[in-house]
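Morning, everyone. Please take a look at the model on the screen, and then we'll walk through two spots in it.

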Amino acid sequence: MDELLNSKTFAVHAAAAAAAVTLGTTLTYPLDTLKVGSTAGKPLNEAEVLYRVRASSGGYSGLYNGVAWMTVGRTLGLGVRFGVYEAVTAFYKDGREDDYVSVAEALMAGFVAGTAECVVASPFELIKLRAQVASASPTMHVPSVSEKGVIPTLPSRLLPRYSMDMKAMSNSMGLLSTLTTQQRHANMFDALKEYPWMMTGSGKPPPVNNVRMPSDIVSLEGWTAMWRGLRSGLVRDSIFGGVFFSSWQFLHQAMLSWKAVGMDPVPRYDIEAGPLSPIAVTLAAGVSGSLAAAASHGFDTTRSRSQCTVLPKYVTMERKFLKWKRPGKRFERLTGIHPADRNLLLNGISLRMARCGLASSVIVGSYFLAIEHLVSN
């Protein structure tokens with residue numbers, strides 16, 4: 001292993017893979033932003049999302065909000081996905097005369113690889129997704145100096161850069177004005193500000209636009225928020241990995257069989273048929289990526305909506321004390337689907353299929369191209 005890590009070949013393949021992932025992510029990132037904008041919050045079509053992004057960022061630059069986080073997470077995630085897949089398939093191929101892997105074996109190996117990828121890439125995906133939602137959200141009103149309230153110590157530690165909206169606090173005070181003198185606190189205003197539930201002035205959690213930096217997420221929601229929506233993420237990535245690798249293996253085997261038809265003698269093993277053309281492998285990867293995206297899209301929508309929900313630590317603690325149970329049927333509870341999202345699961349499926357198919361083709365094609373030039377030189 002040490003010789004492999006120190007060898008020039010490993011460095012060349014790692015650099016080619018990182019460059020290919022960066023190129024594929026950059027080219028297809030606007031499609032991902034449009035998909036997130038149409039599924040994460042209020043259901044919108046592509047034109048409405050694009051209009052909001054242009055209005056909020058003053059141009060098309062908002063389509064690339066969070067692209068750096070996406071690139072890092074995708075590079076690590078794909079490295080883990082293909083690494084785990086190769087390790088599992090090596091176990092299947094142990095003792096065989098050829099390197100043949102059946103479609104069923106590729107499916108099972110893809111399930112394991114997708115699960116590992118989800119655990120590694122989840123924190124980067126959360127930060128990326130909240131940056132995309134912020135780019136498509138209307139500009140929030142920033143309270144002026146006279147409107148800002150001094151947040152007590154505890155709420156200020158939860159979200160340091162957030163200022164209380166005094167207009168919302170005044171409305172809350174108006175609702176409590178119906179209490180009698182005996183029922184009210186002597187200084188109701190200062191007493192309410194001591195509670196983290198009233199840090200926004202209305203009792204609601206801060207909007208996702210104000211909780212998108214890693215420090216803010218960890219401070220307000222805790223470290224576990226980095227893996228928010230892990231249930232649906234595990235199901236999504238395991239299905240994506242299984243369908244992607246099994247369909248790619250099926251297409252690869254079909255192309256090898258087609259190539260071996262005109263050969264004399266007919267090759268006994270796949271390796272005797274020779275390598276396939278990079279163009280054919282690239283197109284097969286694109287088709288596999290689109291099929292995998294279609295199969296796992298419902299769980300992708302579920303996870304996107306879950307990651308856009310701000311859940312402060314005190315709310316999580318309350319749920320534990322009250323033994324809060326997840327709503328929905330058994331399958332929905334196991335996979336993290338909220339009953340209110342049942343009619344939204346297929347929103348943006350065409351955008352995700354196009355992005356995954358194009359990204360898979362670009363990553364595989366550019367990787368083969370880079371390896372051909374780097375190794376030959």
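Start with V119. Is V119 buried or exposed, or something in between? Its relative accessibility is 42%, so V119 counts as partly exposed. The cut-offs make that clear: buried means under 20%, exposed means over 50%, and partly exposed is in between. Keep in mind that this is a predicted model.

Where does V119 sit? V119 lies in helix α5. That helix covers residues 103-135.

Which helices supply at least two of its residues each? They are α4, residues 67-93, and α5.

Next spot: E221. This residue belongs to helix α9, which runs over residues 214-221. Is E221 buried or exposed? E221 is buried, because its relative accessibility is 2%. The cut-off for buried is under 20%.

What does E221 touch? Leave out residues up to four places away in sequence. The contacts then are R130, V211, D216, R228, T309, V310, L311, P312 and K313.

Two of these deserve a second look. The side chain of E221 makes a polar contact of 2.7 Å with the side chain of R130. Another polar contact, 2.9 Å, links the side chains of E221 and R228.

Last, find K313. Along the chain, E221 and K313 are 92 residues apart.

How values were computed: Residues are numbered from 1 along each chain as its sequence is written. This is a predicted model: local features need pLDDT of at least 70, side-chain atom pairs count only at pLDDT 80 or more; totals for chains, interfaces and linings use all residues. Side-chain values use heavy atoms; hydrogens and water are left out. Helices (H or I, at least four residues) and strands (E, at least two) are DSSP runs, numbered from the N terminus. Buried means under 20% relative accessible area, exposed over 50%, partly exposed in between (1.4 Å probe, protein chains only). Contact means heavy atoms within 4.5 Å. A polar contact is a pair of N or O atoms within 3.5 Å; within protein, one must be able to donate a hydrogen and the other to accept it, and residues adjacent in sequence count only if both atoms are side-chain atoms.
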